[in-house]
Amino acid sequence: MIKSLKATGNQLANSDFQLTVLRQEVVDVLHLAPFHEQMREAGLFPLRPVAPTVLQINVGKMCNQVCKHCHVDAGPDRKEIMTRDTMQLCLDALAQSDIQTVDLTGGAPEMNPDFRWFVEEISKLGRKVLVRCNLTIIVANKKYYDLPEFFKKHNVEVVSSLPFYSADKTDRQRGDGVFADSIKALRMLNAVGYGQPDSGLVLNLVYNPSGAFMPGPQAALQRQFKLALLKDFGIVFNDLYAITNIPVSRFLDYLIESGNYAGYMEKLVTAFNPAAAAGVMCRSTLSVGWDGGLYDCDFNQMLDLYVASPVRHIRDFDAAALAQRAIVVNQHCYGCTAGSGSSCGGVTA
Amino acid sequence: METYYNPADLKKFGNIGEFQKEFADKFFAYDGAVFAEGALTAREKSLIALAVAHAVQCPYCIDAYSSDTLEKGCSEQEMMEAVHVAAAIRGGATLVHGVQMMNKVKELSM
């Protein structure tokens with residue numbers, strides 16, 4: 001089993017080191033503008049939030065997979081898990097806010113022992129729950145086999161990564177056998193109604209490139225995925241989100257080790273799109289870490305870049321105070337502003 | 001090592017307008033229109049371009065359309081099949097001239 005960067009003692013597990021590596025490449029090697037300067041030129045610096053519509057909660061870094069591009073550096077060896085007490089603090093914050101959607105991510109969020117309790121409690125508050133499910137967890141152990149039924153019961157929106165509609169590219173990114181297990185899990189989700197027309201049960205897929213290149217047009221990729229998955233496996237889904245790989249953690253390690261780092265960063269920087277930058281998801285999302293820390297996005301979370309606000313923990317949640325903050329940006333943000341833009345919900349421009 | 005082809009030159013393609021702007025502008029506008037979605041999808045056009053890049057043996061074009069087909073979600077099998085189409089046409093073009101050779105041989109022979 002491949003281990004996380006943290007477990008192998010890789011220096012890229014250190015967030016300060018990552019930020020240094022990113023800045024050196026963009027500014028000192030490529031002689032390109034640092035991200036905040038591009039944003040200033042676009043009239044977007046400092047970047048201000050709008051009223052948050054999504055609370056994205058990372059319930060832990062533990063995962064049954066060790067994907068090569070993972071920005072969380074997640075894996076079976078990661079033990080950082082959100083406690084029920086911290087979940088309760090999230091529920092308290094939600095109860096006093098207007099945020100209508102809770103986006104649960106990880107790791108594999110379902111591996112958190114309090115995951116089901118948390119989903120039930122969020123549902124009781126009348127908020128929509130979205131789970132970023134890696135698919136294979138559903139078939140990893142019989143205790144997870146009923147997840148499709150559980151998701152259905154709470155009308156959870158399922159968002160799942162599938163980097164390609166064939167085994168070779170998928171397994172190279174996500175591990176041997178992941179494609180076959182993902183197909184099994186997709187069939188189980190389809191069987192209870194997910195992705196089926198008029199079922200109201202939403203199953204969205206996430207495409208991210210299996211290498212050092214950008215995603216192509218989202219609509220064309222969706223068309224291709226729908227045709228191929230239906231024809232080859234009889235699988236249906238709702239929408240495909242095309243996401244750019246952000247040069248953080250294991251994807252940054254891959255870029256450096258494969259000799260693609262300079263070329264990829266140059267591609268991202270030169271593809272900077274002000275329209276995509278204006279629509280970045282960090283403006284309308286608040287991100288909570290496994291220990292309750294607050295961030296502008298999940299990538300900032302993994303780089304230990306807390307919100308620039310006196311409110312830095314969910315226990316102190318204060319929507320008015322957080323609305324005053326400027327969003328923390330750095331060189332990795334070029335990943336979300338390149339071309340058609342990228343977010344957890346796909347393109348932004 | 002100095003070579004006739006430098007990968008970094010691909011990024012300078014747009015600079016050809018420095019010496020003749022009008023024609024360059026027309027070419028790039030035409031090029032953009034050709035590769036847009038049309039009766040053929042942009043994805044299909046990218047695979048055709050990849051095949052032609054191999055037929056004309058342009059290293060810049062091979063780099064550019066290897067990336068472009070990847071970005072458009074083509075599989076490695078599709079990409080290699082496109083290259084085989086180029087190879088088959090080039091090979092066929094050679095072999096079909098064998099008929100001309102045969103004609104000449106038969107004309108000259110007893």
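Residues are numbered from 1 along each chain as its sequence is written, and chains are lettered from A in the order in which they are written. In this predicted model local features need pLDDT of at least 70 and side-chain atom pairs count only at pLDDT 80 or more, while totals for chains, interfaces and linings use all residues.

User: How many helices and strands does chain A have?
Analyst: Helices (H or I, at least four residues) and strands (E, at least two) are DSSP runs, numbered from the N terminus. By that count, chain A has 16 helices and eight strands.

User: What radius of gyration does chain A have?
Analyst: The radius is taken over C-alpha atoms, and the globule rule is 2.2 Å times the number of residues to the power 0.38. For 349 residues the rule gives 20 Å, and chain A is close to that, so it is as compact as a globular protein of that length. Its C-alpha atoms fill a box of roughly 50 × 45 × 40 Å along the principal axes. The radius of gyration of chain A is 19 Å.

User: What radius of gyration does chain B have, against that of a compact globule?
Analyst: Chain B follows the pattern α-α-α-α along its sequence. Its C-alpha atoms fill a box of roughly 60 × 35 × 35 Å, taken along the principal axes. A compact globule of 110 residues would be near 13 Å, but chain B has 19 Å.

User: What share of the residues of chain B is buried?
Analyst: A residue is buried if 20 or more other C-beta atoms lie within 10 Å of its own, exposed if 12 or fewer, and partly exposed in between; C-beta atoms are placed from the backbone. In chain A, buried residues make up 50% of 349. For the 110 residues of chain B, the share is 14%.

User: Which residues touch the most other members of the largest nonpolar core?
Analyst: A nonpolar core is a set of buried Ala, Val, Leu, Ile, Met, Phe, Trp, Tyr and Cys residues joined through C-beta atoms within 7 Å. The largest one holds 105 residues. Helix 9 (residues 178–191) of chain A gives the most to this core, with six residues. The members that touch the most others are A:Val102, A:Val129, A:Val131, A:Val158 and A:Tyr207.

User: Which residues is A:Val129 in contact with, leaving aside its neighbours within four places in sequence?
Analyst: Two residues are in contact if their C-beta atoms, placed from the backbone, lie within 7 Å. A:Val129 then has these partners: A:Val102, A:Leu104, A:Val119, A:Ile122, A:Ser123, A:His154 and A:Val156.

User: Why do helix 2 and helix 12 of chain A count as roughly perpendicular?
Analyst: Axes are lines fitted to C-alpha atoms, for helices over the stretch in contact, and angles run from 0 to 180 degrees between N-to-C directions. Angles under 35 degrees count as roughly parallel, over 145 as roughly antiparallel, 65 to 115 as roughly perpendicular and the rest as oblique. Helix 2 (residues 15–29) of chain A and helix 12 of chain A have axes 11 Å apart, at an angle of about 75°. That makes helix 2 of chain A, relative to helix 12 of chain A, roughly perpendicular.

User: Which residues make the contact of helix 8 of chain A with helix 9 of chain A?
Analyst: Helix 8 (residues 167–174) of chain A packs on helix 9 of chain A at about 105°, with axes 8 Å apart. Helix 8 of chain A supplies A:Ala167, A:Thr170, A:Asp171 and A:Arg174. Helix 9 of chain A supplies A:Val178, A:Phe179, A:Ala180 and A:Ser182.

User: Is A:Gly263 buried or partly exposed?
Analyst: A:Gly263 sits in helix 12 (residues 261–270) of chain A. Its C-alpha atom is 8.4 Å from that of A:Ala212, 51 residues apart along the chain. With 15 other C-beta atoms within 10 Å, A:Gly263 is partly exposed.

User: Is B:Tyr4 buried or exposed?
Analyst: B:Tyr4 lies in the segment before helix 1 (21–34) of chain B. Within 10 Å there are 6 C-beta neighbours, so B:Tyr4 counts as exposed.

User: Which helix gives the largest share of the side of chain B that touches chain A?
Analyst: The contact takes nine residues from chain B and nine residues from chain A. Helix 2 (42–55) and helix 3 (59–71) of chain B each supply at least two residues of the chain B side. The largest share is three residues, from helix 3 of chain B.
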